[in-house]
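Biologist: Could you take me through this model before I plan my reading of it? Please start with the overall picture.

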Amino acid sequence: VRVLGSAEVPTTVTLSPPAAVVAPMGTVQFKAILDVPALADTVVGLTATSGTVPATVTVMANQVAATFT
């Protein structure tokens, strides 16, 4: 257990799954996971080395993750 400071903000974003193989015209669901809950809605920028992802995903306040396809 770790007690978070009242003004502690996320510093690390992890992607789950870290990589995926997708069939042509297929999709896969990813999750952007913050290291601590977001104090306010937090926009995470996304890029891909191949394929297409949305430019951003928003982790809502008091949450640690957001999903996207």
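Modeller: The discussion below goes from the overall fold to the core, the pocket and the backbone. This is a predicted model, in which local features need pLDDT of at least 70 and side-chain atom pairs count only at pLDDT 80 or more, while totals for chains, interfaces and linings use all residues. Residues are numbered from 1 along each chain as its sequence is written, and side-chain values use heavy atoms, with hydrogens and water left out.

Biologist: What does the secondary structure of the protein chain come to?

Modeller: The protein chain has zero helices and five strands, in the order β-β-β-β-β along the sequence. Helices (H or I, at least four residues) and strands (E, at least two) are DSSP runs, numbered from the N terminus. The C-alpha atoms fill a box of roughly 45 × 25 × 15 Å along the principal axes.

Biologist: And what percentage of the residues in the protein chain is buried?

Modeller: Of the 69 residues, 16% are buried. Buried means under 20% relative accessible area, exposed over 50%, and partly exposed in between, with a 1.4 Å probe and protein chains only.

Biologist: Which residues make up the largest nonpolar core?

Modeller: The largest nonpolar core has 10 residues: Phe30, Ala32, Leu34, Ala38, Val44, Leu46, Val57, Val59, Ala66 and Phe68. Such a core is a set of buried Ala, Val, Leu, Ile, Met, Phe, Trp, Tyr and Cys residues joined through side-chain atoms within 4.5 Å. Strands S2 (30-34), S4 (56-59) and S5 (65-68) each supply at least two residues of this core, and the largest share, three residues, comes from S2. In soluble globular proteins, nonpolar side chains tend to be buried together.

Biologist: Why does Ala66 count as buried?

Modeller: Ala66 counts as buried because its relative accessibility is 8%. This residue is found in strand S5. Beyond its neighbours within four places in sequence, Ala66 is in contact (heavy atoms within 4.5 Å) with Phe30, Lys31, Ala32, Val57, Thr58 and Val59. Ala66 and Phe30 are 36 residues apart in sequence, with their C-alpha atoms 8.4 Å apart.

Biologist: Changing topic, how much space lies in the largest pocket?

Modeller: The largest pocket holds about 490 Å³ of space. Of its 23 lining residues, Phe30, Ala48, Ser50, Thr52 and Val53 are the closest to its centre. The lining divides into 14 nonpolar, nine polar and no charged residues. Here Ala, Val, Leu, Ile, Met, Phe, Trp, Tyr, Cys and Pro count as nonpolar, Asp, Glu, Lys and Arg as charged, and the others, Gly among them, as polar.

Biologist: How is a pocket defined?

Modeller: On a 1 Å grid over the protein atoms alone, where a 1.4 Å probe is fitted, a pocket is an open set of points with protein on both sides within 12 Å along at least five of seven lines, and lining residues have an atom within 4 Å of a point. Grid points are joined across faces, edges and corners, and the volume is the space filled by probe spheres set on the points.

Biologist: Lastly, the backbone: which residues does a cis peptide bond join?

Modeller: A cis peptide bond joins Ser16 and Pro17, with omega about -5°. Asn62, in the loop between S4 and S5, has a positive phi of about 70° although it is not a glycine. Most residues other than glycine have a negative phi, and most peptide bonds are trans.

Biologist: Is Met25 buried or exposed?

Modeller: Met25 counts as exposed because its relative accessibility is 86%. Asn62 also counts as exposed, at 61%.
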